[in-house]
Amino acid sequence: MSARLNIWRARLFSGPLTSLVTIAIFALIVAIGWPLLRWAVLNADVSGATRADCTSGGACWVFVKQRFGQFMYGFYPVDQRWRIDLWAIVSIASVALLLWKNMPRRGWFALVVILIWPPLGVWLLGGGFGLQPIETRQWGGLTLTMFLAIYAGLIAIPLGILLALGRQSRLPVVRLISIIFIEFWRGVPIIAVIFLASLLLPLIMPSGVGVDRLARAVIGLAFVISAYMAEAVRGGLQAIPTGQHEAAKALGLNYWKATGFIILPQALRISLPAMTNEFIALFKNTTLVLVVSILDLLGVAQASLADPSWVGYSMEAYAFTGLIYWLICFALSRFAKSLETNPGQSRHRMQDAQ
């Protein structure tokens, strides 16, 4: 205990200037944190059902409690919300099983999840084939935010890997198409892409062919993020030593086997931090769909403030949505760090064993 205390003392008060900076930072934290703590916790109102119950002068969490269903489910019919809950349970259970290292036949299970889980989610949320159809304009809140991020990511990651391989291809046509795709989508602002996907795409589609506006937003987001994913994966591919390619050739492996079994797994491991950053950016950029009247979590928060019964509680709405975004992004970053660390530890153990 004393050793740890000495370490912190050395870090925070090692000299006059360090001590002064430490004291100034602590004073700033107290000056900002104490009023925030009083507003959010000590003087907050939690119990009640109307704004008349918010009398203490602090945060009125009664507003968030009354609107919690809309924050989570949007305008999804109340009697059908069990479908979203089931989708969330299946998703969490699938991820938990995939992370279980001793699970038998985990590779086959992952393949089944990849093939079945995406259409299962669309069926549960959209309906049809025995379920009551729910139009996408009724989707919203955190459900819609997660749907946009996950499905755009499911398209962007494999597309980004193919574009990265295409950019390094020896075939000039494949390389040129990949470069044009990547540079075009990286050069266009995401908000412009969403506008183009939502407003321009219906104009150029053949007569009688329509694409749901939510699907258009997912495709637009996926194309932009795939371009950034491609650059992240390309960085990983360039970091692979040429000896790996030569060893694969010496083993008699063709291009696809060498890439799939030797080069790409190492490149993806190297690219994992950058790819995680891109996915977190995608998750936060889903808020831009608000410009085409798709109400994600932030959109529902803003729509809730239009209710005359709760005018003036924007701080509570933005604080709650901001906290949810921060929790999810922080969890993603920690999860990615654990994935990045574990293979590294394994690699070091292998090197030590050699």
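**Whole chain, then the salt bridges**

Of the 354 residues of the chain, 36% count as buried. Buried means under 20% relative accessible area; exposed means over 50%, and partly exposed is what falls in between (1.4 Å probe, protein chains only). The model is predicted: local features need pLDDT of at least 70, side-chain atom pairs count only at pLDDT 80 or more, and totals for chains, interfaces and linings use all residues. Numbering starts from 1 along each chain as its sequence is written, and side-chain values use heavy atoms, with hydrogens and water left out.

The chain has 14 helices and zero strands. Both kinds of element are DSSP runs, numbered from the N terminus: helices are H or I with at least four residues, strands are E with at least two. The C-alpha atoms fill a box of roughly 75 × 75 × 45 Å along the principal axes. Contact means heavy atoms within 4.5 Å. Among contacts between residues at least 6 apart in sequence, 67% join residues at least 24 apart. The chain exposes about 20800 Å², and carbon and sulfur atoms supply 69% of that area. The areas come from the Shrake-Rupley method with a 1.4 Å probe; for residues, only the protein chains shown count as cover.

Now the part you asked about. The structure holds seven salt bridges. Each is a side-chain nitrogen of Lys or Arg within 4 Å of a carboxyl oxygen of Asp or Glu.

Start with arginine 167. Its salt bridge with glutamate 183 has the closest N and O atoms 3.1 Å apart. Arginine 167 lies in helix H7 and glutamate 183 in helix H8 (residues 172–187), so this pair ties together parts 16 residues apart in sequence.

Glutamate 231 belongs to helix H10 (residues 213–238) and arginine 167 to helix H7, so the pair ties together parts that are 64 residues apart in sequence. Both glutamate 231 and arginine 167 are buried.

Glutamate 231 has a further partner. The side chains of arginine 186 and glutamate 231 meet at 3.4 Å, N to O. That pair links distant parts of the chain: arginine 186 sits in helix H8 and glutamate 231 in helix H10, 45 residues apart. Arginine 186 counts as partly exposed, at 33% relative accessibility. Glutamate 231 counts as buried, at 18%.

Put together, salt bridges with shared partners join Arg167, Glu183, Arg186, Glu231 and Arg234 into one network.

Helix H7 can be followed to another residue. Threonine 143 is found in this helix, which spans residues 141–167. Threonine 143 is buried, at 8% relative accessible area. Leaving aside neighbours within four places in sequence, threonine 143 is in contact with Met72, Tyr73, Ile84 and Leu125.

The structure holds 19 aromatic pairs. Rings of Phe, Tyr and Trp (its six-membered ring) pair if their centres lie within 6.5 Å; planes under 30 degrees apart count as stacked, over 60 as edge-to-face and the rest as tilted. One of the pairs is tryptophan 87 with tryptophan 117, stacked at 6.0 Å centre to centre with 15° between the planes. Tryptophan 87 is buried at 6%, and tryptophan 117 is buried at 13%. Elsewhere, ring pairs link Phe63, Phe68, Phe71, Trp310, Tyr313 and Phe320 into a cluster.

A search of the whole structure finds one disulfide. The cut-off is a pair of cysteine sulfur atoms within 2.5 Å. Cysteine 54 and cysteine 60 are the partners, at 1.8 Å from S to S. The torsion about their S-S bond is about 45°, so the disulfide is right-handed. Cysteine 54 is buried at 16%, and cysteine 60 is buried at 0%.
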